[in-house]
Amino acid sequence: MSHLLINYYEAASVILFGIGFMNLLLQNNLIKKFIGLNIMDTAVYLFLAAKGYINGRVAPILSNGIVDADYYINPVPAGLVLTGIVVSVSITAFSLALVQRLYKHYGTLNMDEIMRLSREREGE
């Protein structure tokens with residue numbers, strides 16, 4: 001229990017990931033499914049940012065002539081988070097465009113209804 005009080009960023013990211021995953025599994029509305037996917041993305045970014053931060057260290061910008069790597073934090077997790085955010089926004093925009101097309105074609109955002117209508121049209 002004491003580790004949860006110390007690692008509250010990691011605990012929050014696991015809880016957020018669980019919320020997003022359950023939303024992705026249990027919702028039939030496609031917009032709500034993509035909201036769940038974005039919550040999961042955010043949880044992963046929070047986890048990476050929490051793991052990349054080391055208390056007492058500074059950003060990896062050379063200052064005062066200090067070249068010892070133990071003085072700086074690792075910049076790789078921050079780069080991964082920034083890259084992930086860009087990819088996530090792109091995937092979300094593309095997915096919402098596809099959802100809009102599905103709504104125009106089928107007239108609903110309910111995944112079960114779309115699958116039923118798709119099977120009916122396929123059988124014609």
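This is a predicted model: local features need pLDDT of at least 70, side-chain atom pairs count only at pLDDT 80 or more; totals for chains, interfaces and linings use all residues.
Local features were considered only at pLDDT of at least 70 and side-chain atom pairs only at pLDDT 80 or more, whereas totals for chains, interfaces and linings use all residues. Residues are numbered from 1 along each chain as its sequence is written, and side-chain values use heavy atoms, with hydrogens and water left out.

Helices are named here as DSSP runs (H or I, at least four residues; strands are runs of E, at least two) and are numbered from the N terminus. A nonpolar surface patch of about 560 Å² is formed by Phe17, Phe21, Met22, Leu25, Leu26 and Val44. Such patches consist of residues with over 30% relative accessible area and no salt bridge, where nonpolar side chains (Val, Leu, Ile, Met, Phe, Trp, Tyr) are joined within 5 Å and like charges within 9 Å. Accessible areas were computed by the Shrake-Rupley method with a 1.4 Å probe, and for residues only the protein chains shown count as cover. Helix H2 (residues 8-26) supplies the largest share of the nonpolar patch, namely five residues. Leucine 25 is located in helix H2 and is exposed, because its relative accessible area is 51%; in this scheme, exposed means over 50%, buried under 20%, and partly exposed in between (1.4 Å probe, protein chains only).

The largest pocket holds about 180 Å³ of space. A pocket is identified on a 1 Å grid over the protein atoms alone, as an open set of points where a 1.4 Å probe fits, with protein on both sides within 12 Å along at least five of seven lines; its lining residues have an atom within 4 Å of a point. Grid points are joined across faces, edges and corners, and the volume is the space filled by probe spheres set on the points. The lining consists of Ile6, Asn7, Tyr8, Tyr9, Glu10, Ala50, Lys51, Tyr53, Ile54 and Asn55. Two elements, H2 and helix H3 (30-52), each give two or more residues to this lining, and H2 gives the most, with three residues. By class, six lining residues are nonpolar, two polar and two charged. Here Ala, Val, Leu, Ile, Met, Phe, Trp, Tyr, Cys and Pro count as nonpolar, Asp, Glu, Lys and Arg as charged, and the others, Gly among them, as polar.

Side chains of opposite charge can pair when their charged atoms come close. Three salt bridges are present in the structure, each defined by a side-chain nitrogen of Lys or Arg within 4 Å of a carboxyl oxygen of Asp or Glu. In one of them, lysine 51 pairs with glutamate 10, with 3.4 Å between the closest N and O atoms. Lysine 51 belongs to helix H3 and glutamate 10 to helix H2, so the pair ties together parts that are 41 residues apart in sequence. Glutamate 10 is buried, because its relative accessibility is 14%.

Glutamate 113 forms a salt bridge with arginine 116, the closest N and O atoms lying 2.3 Å apart. These two residues are separated by about one helical turn, because they are three residues apart in helix H5 (residues 111-123). Arginine 116 also meets glutamate 120 in a salt bridge of 2.4 Å, N to O; arginine 116 and glutamate 120 are four residues apart in helix H5, about one turn of the helix. Through shared partners, salt bridges join Glu113, Arg116 and Glu120 into one network. Glutamate 113 is partly exposed at 28% relative accessibility, as are arginine 116 at 34% and glutamate 120 at 41%.
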